[in-house]
Amino acid sequence: MAKAFRENQGGQSKRLRLLLIASAVMVVMVLQACGNNTGSGNKEASAPAGGEKAEAASGEASGNVPATLNFGYIGSNKLNLPGGAEGWGFHKGIIQEELKKHGITEVKLTGFPNGPDQTESLISGRLDAGSLGDTPAIIAYASGAKTRLISQSSAHSVGYLIGKKNGAKTVKELQGKTIAIQKGSFMHRYIAGLLKEEGVTGVKLVHMLTPDGTAALARGDVDAITNTGVPALKLIDEGYTLLDDATQHPTLLGTSATVASDDYLAKFPDFPKVWNEAREKALADLKQHEDEYYQFLADIGNTTPELVKKVSPISDIKDTAFTEEGTKLLEGTKNFLVEEKLAKKDFKISDWQLK
């Protein structure tokens with residue numbers, strides 16, 4: 001019996017030793033696995049700066065920046081580019097080069113016929129950011145759009161009121177007449193403000209995109225249309241009547257608005273700073289190549305440098321994200337839209353701006 005006890009005790013000791021050895025092996029394996037995971041994390045976090053891979057990793061670490069930026073603008077042209085410092089920056093690759101440093105390797109540009117269409121795409125998530133007129137941007141924000149205003153590159157957008165041939169000669173003669181406008185655009189704000197200033201009532205405002213409105217004016221189906229830029233000057237040269245323009249009413253001038261969605265800013269919080277610095281670099285370069293810039297505008301507008309110098313002078317482009325002049329115009333436009341119930345609710349411009 002004693003012999004059997006000793007054999008049994010020896011067997012238990014042997015099993016205990018095997019169990020201890022197995023446990024030790026498991027501990028070593030776990031420690032190695034933890035060590036490998038920690039090492040991998042440190043390697044990614046300390047990746048050296050420089051090079052596209054390093055830049056992309058840095059962008060993801062700081063906010064999971066998407067590799068593609070979807071950017072909208074107002075207009076349509078063969079080059080698929082906006083005007084201004086932004087357009088020049090894209091044209092010369094200056095903005096793309098700056099964005100690349102933060103992991104953005106592609107920019108997809110989309111032109112829109114008007115601001116409301118662009119804000120719809122921004123709200124739906126098809127766009128990350130875009131430049132448009134202040135009126136549709138304000139109306140969208142007042143309606144609950146999750147956007148932030150990151151810059152105003154211009155504070156001198158001019159609306160024109162153009163009458164049909166052999167029609168009204170003054171604004172007051174439009175009493176009870178029909179005007180084609182792009183509802184929700186800055187021209188809508190201009191014409192509504194103008195009619196109020198002039199005390200003209202009973203006017204029927206019909207929504208038409210500019211090409212449709214121009215055709216309706218030529219047929220005599222409408223008494224007047226609103227227009228901007230080179231197309232407006234061309235109509236005047238063709239004999240249509242210039243009834244008014246916003247330069248005669250400084251408070252009715254429009255401003256541009258560059259906005260970004262809250263969703264995109266959550267992924268790339270530094271986008272406003274990066275964007276505005278890139279735009280300022282593009283503007284500095286543009287000023288060194290003025291003739292080339294005006295030719296660029298002529299190309300995208302299918303016109304001449306002489307005409308674009310009249311409607312889009314370089315002096316209109318702001319060299320900072322926000323100016324006192326621009327903010328004041330923005331405040332006035334917002335107040336008017338709220339008062340006229342074109343904007344659903346009031347808000348503080350400072351709550352919308354992201355500086």
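Predicted model: local features only at pLDDT ≥ 70, side-chain atom pairs only at ≥ 80, totals over all residues.
Local features were taken only where pLDDT is at least 70 and side-chain atom pairs only at pLDDT 80 or more, while totals for chains, interfaces and linings use all residues. Residues are numbered from 1 along each chain as its sequence is written, and side-chain values use heavy atoms, with hydrogens and water left out.

Two packed helices are described by the angle between their axes and the distance between the axes. Helix α3 (residues 84-92) packs against helix α11 (residues 271-286) at an angle of about 85°, and their axes are 8 Å apart. Here, helices are DSSP runs of H or I with at least four residues, numbered from the N terminus; axes are lines fitted to C-alpha atoms over the stretch in contact, with angles running from 0 to 180 degrees between N-to-C directions. The two helices are therefore roughly perpendicular (the label covers 65 to 115 degrees; under 35 is roughly parallel, over 145 roughly antiparallel and the rest oblique). On the α3 side, G84, A85, E86, W88, G89, F90 and K92 meet W275, R279, A282, L283, D285 and L286 of α11, contact meaning heavy atoms within 4.5 Å. Sorted by class, this contact has seven nonpolar, two polar and four charged residues (Ala, Val, Leu, Ile, Met, Phe, Trp, Tyr, Cys and Pro count as nonpolar, Asp, Glu, Lys and Arg as charged, and the others, Gly among them, as polar).

E98, in helix α4 (residues 94-100), counts as buried at 15% relative accessibility; buried means under 20% relative accessible area, exposed over 50% and partly exposed in between, with a 1.4 Å probe and protein chains only. Beyond its neighbours within four places in sequence, E98 is in contact with A278 and K281.

Next come the cores, each a set of buried Ala, Val, Leu, Ile, Met, Phe, Trp, Tyr and Cys residues joined through side-chain atoms within 4.5 Å. The largest one has 65 residues, of which L161, I162, I179, F271 and Y293 touch the most other members. Helix α11 gives the most to this core, with six residues. Another core, of 22 residues, lies apart from it and includes F112, L127, A137 and A321.

As for aromatic residues, the whole structure holds 14 pairs (rings of Phe, Tyr and Trp, the last by its six-membered ring, with centres within 6.5 Å; planes under 30 degrees apart are stacked, over 60 edge-to-face and the rest tilted). F271 and W275 make a tilted pair, at 5.9 Å centre to centre and 35° between the planes. They sit four residues apart in α11, so about one helical turn separates them. F271 is buried at a relative accessible area of 0%, and W275 is buried at 0% too. Y293 and Y294 also pair up: their ring centres are 5.7 Å apart and their planes at 55°, so this pair is tilted. Y293 is buried at 2% and Y294 at 8%.

One aromatic cluster takes in F71, F90, Y264, F268, F271 and W275. Y264, from helix α10 (residues 262-267), is buried at 2%. Leaving aside neighbours within four places in sequence, Y264 is in contact with P66, L69, I104, D128 and F271. Y264 and A129 are 135 residues apart in sequence, yet 8.0 Å apart in space, C-alpha to C-alpha.
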